[in-house]
Amino acid sequence: MEFFSRGYKGLLGEKGQPQSVEDTIAKLVDRASNSTLLEDRRAAILGLKGLSREYREEVGEKGIGTLLHILNEDRADIDTVKAILEILNILCASDRQDSVTDVGVKFTDEIVKNSSNINLFLDILQEYDFYVRFHDIQLLSILLSIRPDHVQECILSAPMGISRLMDLLDDRREIIRNEGLLLLISLTENNADIQKIVAFDNAFERLLEIIAEEDGLNGGIIVQDCLQLILNLLRYNVSNQNFFRETSCIQRIPAFLSFSANFQQGFELEFLAQDWHEQKIANTIVLLELIKILVVPNNMNTVTNQNVMVQCGVLKSVIELALSSNAPSPVKSQSLYALADLIRGNQSGQEFLTRTVVTVPHPSWNQSNGNNVRSSSHDQIPTPPRPAVMALIVVAVGAEHLESYSTRAAATYAFESYTFNNINAQLGLASTLTPPPDDNPNSETYTAKPQSAGSLLLSALLEWEDSEADPYVVWFASVIFLHILMNNEKSKELARRIFIGDGDDNVEENVSLLHSIAGNFMMATRQNADVRVLIGYLCTLCVWLWDSPISVREFLSESAYLQMLITPITQSSGVDARVQGLCAFLLGICYEFNHDLDSQITKSTLQPILLKRIGFDQFVNRITRLRESPHFKHASQYLQVVPEEIARGLPELYFDYAFVEFFKNNYETIQRSIRADPNAKPFSGLKGSDYQGDNDSKITSYKEVIQTQEKEISQLKESIKQLEEQLELQKLSAEKQISTLNNEVETLKQTIETQTTGHAKLEKEQEDLLLCLADQETTIKKYRERLIALDQEVSDIEEDEEGEGEEEEDDDE
């Protein structure tokens, strides 16, 4: 009590009057900075804490530098550290990050301008106290949200910065772990280097273990956060995607979906009839987004990831989730988009979908008042399983009236991916284009008729009057049908053989499928049908007639169709501009690929109609207006339907993205073609009779030449491959020889150096011996001269001996 009393009196001004807030804060900062006792510094900091909420700017301006200094000096005191972190959190919290006058931004800049402050906060994470860790994580999150680039750079440069953040995932206290997880999510959003370091710090294994501990997708929001962090690590990061695959993380995805490739019948029903609460829906959607990231079209690792997902059951689980389960519409939509990316351009995935048979969802699996009623008896499933491809068409055309527009659009996109670069699938589906039986004795229900995928598609495509309330029955069916025909003349040939009628080929009422579609467009135009129906039919006809002179001849055999296209083009009002543009484009296609010289409507007949009744300028303007239409320019690449569009009624889907690309690639050719000489030879050099099938020899010969060239190209590629392998072997052999020679050279160098050293030593010894010899000769000469002076004659030996004796006598003396 005395301590607080003394502290209060210290804050009073002269004569006991309370002083101003600025003076109080200044005095507290001074005490915190200059007090020698830890208790006094802590008391001053607690006083600043009490004032910081109401007087943020004053406390920050006067005390932030002192607080950071004390935090560094008194790190051992938990209470002091906790109080300072709370103050810094209050000072840096910002509600207006875009405002340069925001005090939170100002104080954040004051902190992050010195990277040692960030290092200090990272070091404090080693403290195990709950509140210290909690407030420290919150402070780092605030700093990261305001100045992400600078904080990321500081964390990246800190020696153990990311490792300390990763250690938060191992904290058994859920609040700390969850806050650390949120911090890592923010940290890894836009920095590839941090993403790599986090991933290679065993992040995937840790996160997947947390998901498993939280009961997988049935868990709470922590599961969603873990999946979101994995998404951040994988998005736009090829090395992390490789690491994710190489560490067998992809193989764990089916288990999270509660699916097993080896399930028994009872488990299948349990998988198909699950309980779907709101958080599980969110978790599943994020997991499906993770799958899509790994198989983004045109990425370098997409094919490898697709193959792994086919093998480990991911594709199977996604198919069942999308086409057989009781999953809500958002989950089914995302499942179908994931399915589309899993099989797009992948032959094994497309073949797997072709072979797959799925269970038909039972009405008792649907949600009722938020709860699912599970089926425990197999007798409750009256409809037999059906092929997955047919199930896609059922969903897309709304045959069972169960799915939302977003799900139907996703199913259509999945079908498009199924036929993408898949000629066999196109031909297989075209071969099933058979009108459904009208007098089916088995059932009167629409869905229970023994239909094929093609017959179901034709029913939706042609029976447009039965779907006036839902124009997307025709529109989705048209998109599916045009993808069966696109760039495939054999599919067009199979479609030309389809006749709609009572089945008797001799009855005149039987009408070809091409004429049925054109006739439906004519009737829909007269009855002012929804513009989506008209666009669907016109897009189908454009794709069908493109580069198909036989189909153009059949289309122009009915003169009424020509007038059907000219009338909307020439009308100045009352006709949708998109319909006018498509009619002009289709009419141009009829002119460009009309190579039948014996037809009643030849190019020579058609060109004056185009140039006089329509006019070149108007023809071009109609196509240009279509190209500049907002719905055409902003066509969704993935046929996505946003919830806002559904809330307003029908979605804003008018054009398929593949058709838009087809149009953009060819509309200039069509615009130029109507001015070309109608008597000029076709671009392929063949006569009209060649296109009619009367003379196929040239086409056959060209095909043989192409096949021969393809074989030669294949052989050349194989030769190049062999030469490259030989070159690689020779390169390895040469490198090995060079390495051996280099070793020998090093050995010889060492030998030469050793010999050179020995030779130098011998030369030095030789010089020493020569010097000694010279000295001896000088001595002998001197002694000989002395002997001569004594008149003694001696031989060389005696001279030497006497010389030696005299030398000894001299020494004795």
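This is a predicted model: local features need pLDDT of at least 70, side-chain atom pairs count only at pLDDT 80 or more; totals for chains, interfaces and linings use all residues.
The crossing of the two helices, α12 and α13, is left-handed. On the α12 side, the residues in contact include V198, F204 and L207, while those on the α13 side include I222, C226 and L233. Sorted by class, the contact of α12 with α13 comprises 16 nonpolar residues and two polar ones, with no charged residues. Q195 of α12 and N232 of α13 are among the residues that take part.

Turning to the aromatic rings, the structure contains 22 aromatic pairs. In one of them, the ring centres of Y337 and Y413 are 6.0 Å apart and the planes stand at 45 degrees, so this pair is tilted. Y337 belongs to helix α20 (residues 329–343) and Y413 to helix α23 (residues 405–419), so that the pair links distant parts of the chain, 76 residues apart. Y337 and Y413 are both buried.

A second example is formed by W475 and F476, whose ring centres are 5.4 Å apart; with planes at 80 degrees, the pair is edge-to-face. Here, too, both residues, W475 and F476, are buried.

Finally, ring pairs also join residues into a cluster, made up of W546, F585, F593, F632, F655, F659, F662, F663 and Y667.

Definitions and conventions:
Residues are numbered from 1 along each chain as its sequence is written. Side-chain values use heavy atoms; hydrogens and water are left out. A crossing is left-handed if the near helix is turned anticlockwise from the far one by less than a right angle, and right-handed if clockwise. Helices (H or I, at least four residues) and strands (E, at least two) are DSSP runs, numbered from the N terminus. Contact means heavy atoms within 4.5 Å. Ala, Val, Leu, Ile, Met, Phe, Trp, Tyr, Cys and Pro count as nonpolar, Asp, Glu, Lys and Arg as charged, and the others, Gly among them, as polar. Rings of Phe, Tyr and Trp (its six-membered ring) pair if their centres lie within 6.5 Å; planes under 30 degrees apart count as stacked, over 60 as edge-to-face and the rest as tilted. Buried means under 20% relative accessible area, exposed over 50%, partly exposed in between (1.4 Å probe, protein chains only).
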